[in-house]
Amino acid sequence: MSSIISIKDLHFSYGGEGEEVLKGIDMEIEKGSIVAVLGHNGSGKSTLAKHINAILLPTSGKVFVDGIDTCDEERLFELRQKAGMVFQNPDNQIVSSIVEEDVAFGLENTGVPYEEMRQRVDEALRAVGMYDHRLHSPSQLSGGQKQRVAIAGIIAMRPECIILDEPTAMLDPQGRREVMATIKDMNSRYGITILLITHYMDEAAQCGRVAVMDGGRIVLDDVPEKVFSQVETLKKIGLDVPQVTELAYELRKAGVGIRQDILTEEQCAEALSELLASGKR
Amino acid sequence: MLRDITLGQYFPGKSIIHKLDPRTKIILTILLIVMLFTGDKLICLGIGAAYTLMAVLLSRIPVKMFVKSVKPILPFLIITAAFNIFIIDKGDVLFHWKAIKITTGGINVSVFMIIRIVLLVAGSSLLTYTASPITITDAIEKLLSPLKKLHFPVHELAMMMSIALRFIPTLIEETDKIISAQKARGASIDSGTLRERAGNLISVIVPLFVSSFRRADELATAMECRCYNGGEGRTRLRQLRTSACDYIAAAVTVMFLAAVIAADKML
């Protein structure tokens, strides 16, 4: 599979001097994949996200999205159409006081004719399940719904990939579930590449690949099962692992022969019951 | 308490007046103002009043809403009327005592002024009652678009207005939160003398300003990410369309205006 985002030896520091926030990142993201970037505050994960659609430009190194160099000003709008971005605070990214008009905002900016715009807006609203709310005011919506509207605004642009910068950090558990379901749906149904910046372990565990950042570097980059089995490394950089993974880890440390690649409660329950069944025999 | 504030006080509805294009409504409101201030004969004012009344009834908005809209300007009306009565010296003298002189001309002008202003306020309330703020913003952008040739930032102005409208509920919510937070810290927002209360408001206004700047910054980034590049080459999802109704309304209005001018000149 070809990569849609490729980051080559990316260094960045604010103003081009002082301490580097990103200290040499190399990363290839495959088309149609769903990748989580995990890290605690100040690890540089949001800074990395902002490089992908040229909000920030590298101090040194290169970032390419679908072959477009992010430093190429001539192709800036083409780039931003290919790589949409969803931010943390849903209130501060909704421009219009009517839901459907906000979804249309990007299309209006790129001069899409009315008939096509109408169709793409309706399609995007249906895709995130907000079509019934199309004439509402964003202030009448819940946080999760607002974030889905923001996603619809990006989907309407028909992007190749979506970068979500902690989209669930300000939401309640219900809203988080809604947004995660929408994100995964966009990936599986439309094949849109997803780059999810998060500090929630359980969200990262739902992705196909997890890159862990610490101090401006990528320290782990693998499938979630492998990443979360590195309990020691994760703890050292101040990250937790999903509770069930930690349970398995503690059990192994205590000498119980349980699998280490457990991520969900179902897997854990299964492994434990297998263990108990074999113990009886 | 802050939730009660609404801007523009739009009443959704399906009347003929609601269905008119907002651009038409703005132009007709301007024509109404011209109509009301043309001529100084009673018949002219009568025609203007008939026109306003017709529009109000057609909008199917309760008349008491219009009464409400006139209320805030009552003190202003009374003061203006008083000035006119005492200052204008025309016609028969009705009352004379030292420097105070009341004439029929003065009373005439005062009564005319009151009726005109009441009609004016009722007529322009009709615009904000039947068109939502966002469609009015759109209409203003369209109507002012010829000024673009003179490098007047029409699109920017309209964008600013619509973002302001979008953030009113958000900022009201935020103000509520800040007030609660400051109360929890022991601030007395709604007690004490007027002076103290005004001073205490600073503890609400400062955080509100700081957070607004942060919001503005984030919103600007989000808009740029969605390819916002000013008004050039933009298309719109919300289309303004004129229908037969608009032309009929315009024709009726022009007829009334012509009647007022004719009455003023001939009678």
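Author: **The interface of chain A and chain B**

Over all chains, a search of the whole structure finds 31 salt bridges, a salt bridge being a side-chain nitrogen of Lys or Arg within 4 Å of a carboxyl oxygen of Asp or Glu. One of them joins the side chains of A:Lys31 and A:Glu160, at 3.9 Å from N to O. A:Lys31 sits in the loop between strand E2 (22-30) and strand E3 (34-38) of chain A, and A:Glu160 in the loop between H5 and strand E7 (161-165) of chain A, so this pair ties together parts that are 129 residues apart in sequence. Helices (H or I, at least four residues) and strands (E, at least two) are DSSP runs numbered from the N terminus.

The model is predicted, with local features needing pLDDT of at least 70 and side-chain atom pairs counting only at pLDDT 80 or more, while totals for chains, interfaces and linings use all residues. Residues are numbered from 1 along each chain as its sequence is written, chains are lettered from A and ligands numbered from 1 in the order in which they are written, and side-chain values use heavy atoms, with hydrogens and water left out.

Between chain A and chain B the count is 5 salt bridges, among them the one in which the side chains of A:Asp91 and B:Arg166 meet at 3.6 Å, N to O. On the chain A side that touches chain B, helix H2 (76-82), helix H3 (99-109), helix H4 (114-127) and helix H5 (143-155) each supply at least two residues, and H3(A) gives the most, with 10 residues. By class, this side of chain A has 19 nonpolar, 13 polar and 7 charged residues, where Ala, Val, Leu, Ile, Met, Phe, Trp, Tyr, Cys and Pro count as nonpolar, Asp, Glu, Lys and Arg as charged, and the others, Gly among them, as polar. In total, the contact (heavy atoms within 4.5 Å) takes 39 residues from chain A and 27 residues from chain B. The area buried between the two chains, meaning the accessible area (1.4 Å probe) lost on putting them together and summed over both, is about 2,900 Å², of which carbon and sulfur atoms give 55%.
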